[in-house]
Amino acid sequence: MDPSLRLVPKSNEKFASVSDTANSLGLHDTLTYGPRNLATEVKSTGGLKERLENWEETQDMTKLTMLRNTFGMHAPMRLMMERKLVASAPTFPGMPQSNLQLDILMGRDELIEPADIFLGMESGPSIDARKELEKKYRV
């Protein structure tokens, strides 16, 4: 957990170019650095994809850092403990898994996402609770 007040995720630009891995002759040193990877040298995509993948994590870390600065160390620790307890709660087999408590603790209770609309019980398979329990407990 890196305590920072960063609003936007940092870019993960970690690649080695030929200038970083060159030997005394100016060529890539394969024995020391391994085979040369042209995909990392020719970077055709921007950092937007990585930033979007890390967006929620960065926002969560910012909120936890602000909680720590405002209320002390106990506030983010308590929130993380509550999240862990709620996330590990058992679910009934055969039923669609929706964790409203975790959504409330994460602050996602007022958001409407595509998963809320398109992954309802109507689109799922028919519920046969007895078969699911027999499969789970090998009866």
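Is Arg-78 buried or exposed? Arg-78 is exposed, because its relative accessible area is 54%.

Some ground rules come next. This is a predicted model, in which local features need pLDDT of at least 70 and side-chain atom pairs count only at pLDDT 80 or more, while totals for chains, interfaces and linings use all residues. Residues are numbered from 1 along each chain as its sequence is written, and side-chain values use heavy atoms, with hydrogens and water left out.

Start with the fold. The protein chain has eight helices and zero strands. From the N terminus on, its elements run α-α-α-α-α-α-α-α. Helices (H or I, at least four residues) and strands (E, at least two) are DSSP runs, numbered from the N terminus. The chain has 139 residues, of which 12% count as buried. It exposes about 11700 Å², and carbon and sulfur atoms supply 58% of that area. Accessible areas come from the Shrake-Rupley method with a 1.4 Å probe; for residues, only the protein chains shown count as cover.

Now the contacts (heavy atoms within 4.5 Å). Among those in the protein chain with a separation of 6 or more, 56% join residues 24 or more positions apart. Thr-58 gives a local view. It sits in helix H4, residues 55-71. Thr-58 counts as buried because its relative accessibility is 13%. Beyond its neighbours within four places in sequence, Thr-58 touches Arg-6, Leu-7, Val-8 and Pro-9.

Turn to charge pairs. A salt bridge is a side-chain nitrogen of Lys or Arg within 4 Å of a carboxyl oxygen of Asp or Glu. The whole structure holds four of them. One pairs Arg-78 with Glu-82, at 3.2 Å from N to O. Both residues lie in helix H5 (residues 74-87), four residues apart, about one turn of the helix. Glu-82 is partly exposed, because its relative accessible area is 25%.

Helix H8 (residues 129-137) carries Arg-130 and Glu-134, again four residues apart, about one turn of the helix. Their salt bridge has its closest N and O atoms 3.6 Å apart. Arg-130 is exposed at 64% relative accessibility. Glu-134 is partly exposed at 36%.

Asp-103 and Arg-108 form another salt bridge, with the closest N and O atoms 3.0 Å apart. Asp-103 is partly exposed, with a relative accessible area of 22%. Arg-108 is partly exposed too, at 25%.

Note on methods:
Buried means under 20% relative accessible area, exposed over 50%, partly exposed in between (1.4 Å probe, protein chains only).
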